[in-house]
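Please keep the model open beside the text as you read.

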Amino acid sequence: MDKEFLKQKAKEVRIDIINMLAEAGSGHPGGSLSCSDILTLLYFDKMNVKPDNPKWEDRDRLVLSKGHAAPALYAVLAEKGFFPKEELKTLRKLGSILQGHPDMKSTPGLDMTTGSLGQGLSAANGMALAGKLDKKGYRVYVILGDGELQEGQIWEAAMTAAHYKLDNLTAILDFNGLQIDGPNREVKNIEPVNEKFKAFGWHVIEIDGHDFDQIDKAIEEAKATKGKPTLIIAHTIKGKGVSFMENQVGWHGSAPNEEQRQKAIQELEGSGV
C-alpha cells in the first residue's frame, strides 16, 4: 500500500465531488466525502478490477448500497480510468451516463443499480453466493450508510449472509452519525451496531474510516476470516475535508454554490486530507 499515493488520490476524488455537485446544482456532498477514503483504497489498492473490461467475469464486485453517495464512486471510477473524467461534468444531466443514483446500465464499472435504501446488502449476498456456487475467487464489497440500518431488509440480509457463511462478502459501514433528518441516535438509534451484527453471526471490526492503515488492515483481516461475513464499522466524518461541511447535517443533500465551491477546493488543495 502506497499511503501517500492514496492520500493524494482521495484528495483528487474529493475535489471531483465538489466540482461535480456544483456543476449539477444538486446532490449529496456530506456522505460522498465521508466514504471517499474507503472507496479510494478499495479501487486503487484492494479490488481486482479491469477498467478496460468492466464486465470481466472474475472481477471483485462493489455495491454502493447508500446510492446517494454516487458522486464519490463516480469520481473514483473516473480516476481509475473506467471512463473519461470529462464525463463528471455531466452529473445528473439529461442523457448523462452519471445519474443521481447508480445505474448499472448506464455507467461503466457499476455492478449494481442502487438508491432505494436497504436493498444493497441483499444484492451483494446474491453476488457472493453466486461466487461460492460457481467456485469463483472474487470478493464482494458493499458500502452501507448508517441511517440505512434502520431498514428492516438490512437485518434479513444480515441473517442470510451469516446463514450461508459468505466469507467472500465484506460490508463496510460508513458510520458518520448523521442522516437527512439529523443524528442517527435521535432519528432512530441504531446502536450497538457491533453487538447486533455479532449476534447475527458476523465478524465485526471497528476502525477510523479515514485512516488508510486501519482500512487496509481491516480489509486484510476480512479476507482472512473464514466461515462468516465481515462487517467493518468505519467511523467517519460527514463532509470530511471541507471545514464548513464537516459534521453539518445540512450538507447531506445540498450542492455548493460557486463561492462555496471555490472555498472548498481551496481548502482541499491546501490540506493534507
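Buried here means under 20% relative accessible area, while exposed means over 50% and partly exposed lies in between, with a 1.4 Å probe and protein chains only. Helices are DSSP runs of H or I with at least four residues, strands are runs of E with at least two, and both are numbered from the N terminus. This is a predicted model, in which local features need pLDDT of at least 70 and side-chain atom pairs count only at pLDDT 80 or more, whereas totals for chains, interfaces and linings use all residues. Residues are numbered from 1 along each chain as its sequence is written, and side-chain values use heavy atoms, with hydrogens and water left out.

The buried residues of α4 are A70, P71, A72, L73, Y74, A75, V76, L77, A78 and E79. What lies over them? The cover includes α1 (3–24), α2 (29–34), α3 and β1 (61–64). Just past the end of α4, G81 has a positive phi of about 105°.

Two packed helices are described by the angle between their axes and the distance between the axes. The axes are lines fitted to C-alpha atoms, for helices over the stretch in contact, and angles run from 0 to 180 degrees between N-to-C directions.

Take α3 to begin with. Helix α3 (residues 36–46) and helix α4 (residues 70–80) have axes that come within 10 Å and cross at roughly 30°. The two helices are therefore roughly parallel to each other; angles under 35 degrees count as roughly parallel, over 145 as roughly antiparallel, 65 to 115 as roughly perpendicular and the rest as oblique. The crossing of α3 past α4 is right-handed, meaning that the near helix is turned clockwise from the far one by less than a right angle, with anticlockwise giving a left-handed crossing. On the α3 side, S36, L39, T40, Y43 and F44 meet A72, L73, V76, L77, E79 and K80 of α4. The residues of this contact divide into seven nonpolar, two polar and two charged. In that count, Ala, Val, Leu, Ile, Met, Phe, Trp, Tyr, Cys and Pro are nonpolar, Asp, Glu, Lys and Arg are charged, and the others, Gly among them, are polar.

Now turn to α1. It packs with α4 at an angle of about 125°, with their axes 9 Å apart, and the pair is therefore oblique. This crossing, too, is right-handed. From α1, the contact uses K9, E12, V13, D16, I17, M20 and L21; from α4 come P71, A72, Y74, A75, V76 and E79. Here the residues divide into nine nonpolar, no polar and four charged.

Next come the cores. A nonpolar core is a set of buried Ala, Val, Leu, Ile, Met, Phe, Trp, Tyr and Cys residues joined through side-chain atoms within 4.5 Å. The largest has 53 residues, and those with the most contacts inside it are L39, L42, Y43, L62 and Y74. Leaving aside neighbours within four places in sequence, L42 is in contact (heavy atoms within 4.5 Å) with M47, L62, Y141, I143, I172 and I219. Apart from this core lies another, of 28 residues, among them A128, V142, A161 and A162.

In the loop between α4 and α5 (120–133) sits R92, a residue other than glycine with a positive phi near 65°. R92 counts as partly exposed because its relative accessibility is 32%. K135, in the loop between α5 and β2 (140–145), also has a positive phi, of about 55°, although it is not a glycine. At 76% relative accessibility, K135 counts as exposed. Further along, a cis peptide bond joins E191 and P192, with omega about -5°; P192 is in the loop between α7 (184–188) and α8 (193–199).

Finally, look at N194 in helix α8. Is N194 buried or exposed? N194 is buried, with a relative accessible area of 18%. Leaving aside neighbours within four places in sequence, N194 is in contact with V204, E206 and I233.
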